[in-house]
Amino acid sequence: GKVLFSAGDLVVGLLILVLCCNLQIRTVSEANIYKRERVASGLFFATLYLYNPVVVNVSSRGNGDSLSVAVVLAVLVALRVRRFVVAGLLHGLAVHLRLYPLVLTPALMLAASSNSGFEPLPAVLPGPGWRRMLVARWKALQFVLAAGLCHGVLLLWGYTWVGGEFIRGAGVHHLTRGDPRPH
């Protein structure tokens, strides 16, 4: 387990480098000083993460947070390259691994529906404004549907494999548990 979690930290460092460098440069002429500065900043932030003593201690003690962080960063990379369904599937996996990426969903939906590369579907649904909003936000809808599908399939798979205890352990206990500290 510790080797897997430490490998997850290395993947996180690589994804930080990819996100900082904006590796969408296609021609040699674009590889200028600007690119070198971004690579230097990417290396700085990746090194800052990898040599953080908290990160080293958490992963070496067997905590899987590095895997969750790696999946969340992979979601950001997929959104950057405009792969909304892939980003949604990864987000569903991230929410399945840990519950906290769920709070990122509204921000990720906004990122999915941003203007760069966004082409809305024609407004074929007549009616109230909510229908037009759904059509105009098709990319965000793809993201959310893929995330829900992935999370639902993983929950169903866990339920068929383990049973009702899986559902209780996967999320219901967050609604029913009490405060472990005495009052």
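**Helical architecture and packing of the predicted model**

Of the 183 residues of the protein, 26% count as buried. The structure described here is a predicted model. Its secondary structure comprises 9 helices and 0 strands, so that the order of elements from the N terminus reads α-α-α-α-α-α-α-α-α. The accessible surface of the protein amounts to about 12,100 Å², and carbon and sulfur atoms account for 69% of this area. Among the contacts with a separation of 6 or more, 68% are made by residues 24 or more positions apart.

The description begins with helix α1, which covers residues 2-21. With 20 residues at 1.5 Å a residue, α1 should span 28 Å, and the distance of 29 Å between its end C-alpha atoms agrees with this expectation. The buried residues of α1 are Phe 5, Gly 8, Asp 9, Val 12, Gly 13, Leu 15, Ile 16, Leu 19 and Cys 21. Just after the helix, Asn 22 adopts a positive phi of about 50°.

In soluble globular proteins, nonpolar side chains tend to be buried together. The largest nonpolar core of the model contains 10 residues, namely Val 12, Leu 15, Ile 16, Leu 19, Ala 46, Tyr 49, Val 55, Ala 70, Leu 73 and Ala 74. At least two residues of this core are supplied by each of α1, α2 (33-50) and α4 (65-80). Helix α1 provides the largest share, with 4 residues. Another core, of 9 residues, lies apart from the largest one and includes Ala 78, Leu 79, Phe 84 and Leu 108.

Helix α4 also carries Ser 68. This residue counts as buried because its relative accessibility is 1%, where the limit is under 20%. Beyond its neighbours within four places in sequence, Ser 68 is in contact with Leu 97, Arg 98 and Tyr 100. In the loop that connects α4 to α5 (84-97) lies Arg 82. Most residues other than glycine have a negative phi, and most peptide bonds are trans. Arg 82, a residue other than glycine, has a positive phi near 65°. With a relative accessible area of 21%, Arg 82 is partly exposed.

A search of the whole structure for aromatic pairs returned 2. The rings of Phe 44 and Phe 45 have centres 5.2 Å apart and planes at 70°; this angle is over 60 degrees, and the pair is therefore edge-to-face. Both members of this pair are partly exposed, Phe 44 at 49% relative accessibility and Phe 45 with a relative accessible area of 42%. The pair formed by Trp 157 and Trp 161 is stacked, with 5.3 Å from centre to centre and 20° between the planes. These two tryptophans lie in helix α8 (residues 138-162), where they are 4 residues apart, about one turn of the helix. Trp 157 and Trp 161 are both exposed.

Not counting residues up to four places away in sequence, Leu 155 touches His 96, Phe 166, Ile 167 and Ala 170. Its C-alpha atom is separated by 7.3 Å from that of Ile 167, a residue 12 positions away along the chain.

The cysteines were also examined. A disulfide is a covalent bond between the sulfur atoms of two cysteines. The search of the whole structure found 0 disulfides. Cys 20 is partly exposed, with a relative accessible area of 21%, whereas Cys 150 is buried, with a relative accessible area of 15%.

Conventions:
Residues are numbered from 1 along each chain as its sequence is written. This is a predicted model: local features need pLDDT of at least 70, side-chain atom pairs count only at pLDDT 80 or more; totals for chains, interfaces and linings use all residues. Side-chain values use heavy atoms; hydrogens and water are left out. Rings of Phe, Tyr and Trp (its six-membered ring) pair if their centres lie within 6.5 Å; planes under 30 degrees apart count as stacked, over 60 as edge-to-face and the rest as tilted. Buried means under 20% relative accessible area, exposed over 50%, partly exposed in between (1.4 Å probe, protein chains only). The expected span of a helix is 1.5 Å times one less than its number of residues. A disulfide is a pair of cysteine sulfur atoms within 2.5 Å. A nonpolar core is a set of buried Ala, Val, Leu, Ile, Met, Phe, Trp, Tyr and Cys residues joined through side-chain atoms within 4.5 Å. Contact means heavy atoms within 4.5 Å. Accessible areas come from the Shrake-Rupley method with a 1.4 Å probe; for residues, only the protein chains shown count as cover.
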